[in-house]
Amino acid sequence: MEVINKLSDITKKYLKPVIALGMFDGVHTGHAAIIRRAVEIAKEIGGTSGVFTFSNHPLTVLNPENAPLMVGSRNLRREIFEELGIKFLIEINFTKNFSQKSPEDFLKLLREKIAPAYVVTGPNYTFGRFGKGNGRMLLRECENYGFKAEVLQAVTIDKKIVSSTKIRALIAAGDLEAANEFLGREFTYNSQVVHGDRRGRILGFPTANLEIKSYRAMLPNGVYAVRVKIGNKIFDGTANIGDNPTFKAEKRRIEVFIDNFSDDIYGEEIAVSFFRKIRDEKKFASIEDLKEQLRRDLNESREFLKNASAGN
């Protein structure tokens with residue numbers, strides 16, 4: 001998948017582009033339906049599937065105080081796009097200047113810079129200044145700009161509409177099972193491994209430490225059964241989210257014990273997928289009590305992940 005970071009003229013680069021439009025934060029089941037439909041149409045017409053999105057959420061520019069926490073990262077989003085069959089991604093920075101474009105300007109931009117054969121989006125997609133452009137306008141005006149359009153219906157699970165807003169709320173509330181169902185996969189946090197205090201190594205449970213970015217959605221504090229992707233390999237593990245109360249308050253972070261792994265991965269980006277909460281974070285009276293609990297956590301995590309694999 002080619003990633004394009006500047007809005008240059010690609011009208012002659014790809015044959016019959018079929019473009020999925022959206023922010024696609026988290027690439028949940030509703031987003032995946034849009035992406036799959038774009039890929040499907042591209043195959044039907046002998047075209048090329050692509051995505052047009054932004055590297056930052058528009059509200060970070062238009063209304064920073066109300067900008068939502070992001071469910072996923074750009075790297076994770078790109079990875080999922082590619083897995084779903086997207087051939088090229090236009091991922092540009094949303095700016096104040098871009099926000100001033102009228103809906104008509106935006107449609108003209110699509111025609112002049114991309115020349116799509118089809119555009120596919122969801123029911124809540126808006127475009128142009130003040131979000132005045134919507135699905136109805138897209139369907140009404142698309143042929144005047146040289147392309148066809150499809151606006152898919154919202155995806156529902158148990159009669160509830162799947163949305164990034166709903167998933168953020170589920171993550172914040174700790175309803176991991178529902179969040180994962182809406183996402184269509186496990187909630188995943190990817191970030192670079194940073195140096196910690198090496199206390200885990202002393203305890204016999206060395207961990208990879210991840211900072212929790214202020215702009216990312218995160219589960220409540222506690223211990224979770226996880227799988228960790230490092231490069232192209234996946235390992236079982238146990239993750240603690242919190243500030244380590246046994247050793248006095250520290251900055252909230254994620255500490256991941258990776259099963260059967262001892263390589264030095266400082267500075268590398270890893271992806272931690274959360275499968276199940278094992279317990280709440282707690283303060284222990286002694287180091288021995290903590291070590292015993294960590295052993296129980298690890299065994300419970302191993303057992304759950306083993307059964308999860310057997311069920312697939």
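**Entry 1: a first pairing.** I began with Glu 2, whose bridge partner in E4 is Phe 88. E1 and E4 run parallel and are joined by three bridges. I count two strands as paired if DSSP finds at least two bridges between them. Helices (H or I, at least four residues) and strands (E, at least two) are DSSP runs, numbered from the N terminus.

**Entry 2: ground rules.** This is a predicted model, so I note that local features need pLDDT of at least 70 and side-chain atom pairs count only at pLDDT 80 or more, while totals for chains, interfaces and linings use all residues. Residues are numbered from 1 along each chain as its sequence is written, and side-chain values use heavy atoms, with hydrogens and water left out.

**Entry 3: the open sheet.** I followed E1 and E4 into their sheet. Six strands form it, open and with parallel pairing, in the order E1-E4-E3-E2-E5-E6. Which strands sit at the edges? They are strand E1 (2–4) and strand E6 (148–151), each of which pairs on one side only. On average, neighbouring strands of this sheet are turned by 20 degrees against each other, direction ignored. For that angle, axes are lines fitted to C-alpha atoms (for helices over the stretch in contact), and angles run from 0 to 180 degrees between N-to-C directions.

**Entry 4: helix H3.** Next I checked which residues of H3 (residues 74–83) are buried, and found Leu 76, Arg 77, Ile 80 and Phe 81. They lie on the same side of H3, because they cover an arc of only 140 degrees around the axis. The arc is taken from the directions from the helix axis to the C-beta atoms.

**Entry 5: salt bridges.** My criterion is a side-chain nitrogen of Lys or Arg within 4 Å of a carboxyl oxygen of Asp or Glu, and by this rule I get 19 salt bridges. I picked out a few of them.

- Arg 77 pairs with Glu 91, with the closest N and O atoms 2.8 Å apart. The pair links distant parts of the chain, Arg 77 in helix H3 and Glu 91 in strand E4, 14 residues apart. Both Arg 77 and Glu 91 are buried.
- Arg 140 pairs with Glu 141, the closest N and O atoms being 3.4 Å apart. Arg 140 counts as exposed at 55% relative accessibility, and Glu 141 is partly exposed at 21%.
- Asp 297 pairs with Arg 279, and here the closest N and O atoms are 2.8 Å apart. Asp 297 lies in helix H10 and Arg 279 in strand E14, so the pair ties together parts that are 18 residues apart in sequence. Asp 297 and Arg 279 are both buried.
- Arg 37, Glu 40, Glu 44 and Glu 150 are linked in a network of salt bridges.

**Entry 6: strand E11 and its partners.** Is E11 (residues 222–230) enclosed or open? It is largely enclosed by the rest of the structure, because eight of its nine residues are buried. Nine bridges join E11 to strand E12 (residues 233–242), and the two run antiparallel. Seven bridges join E11 to strand E14 (residues 269–279), also antiparallel.

**Entry 7: two single residues.** Ser 301 is in helix H10 (residues 287–311) and is buried, with a relative accessible area of 2%. I then listed its contacts (heavy atoms within 4.5 Å). Leaving aside neighbours within four places in sequence, Ser 301 touches Ala 225, Val 226, Gly 237, Thr 238 and Ile 278.

Pro 206 sits in the loop between helix H9 (199–203) and strand E10 (208–211). At 27% relative accessibility, Pro 206 counts as partly exposed. Its C-alpha atom is separated by 9.5 Å from that of Phe 261, 55 residues apart along the chain.

Terms used. Buried < 20%, exposed > 50% of the residue type's maximum accessible area, 1.4 Å probe, protein only.
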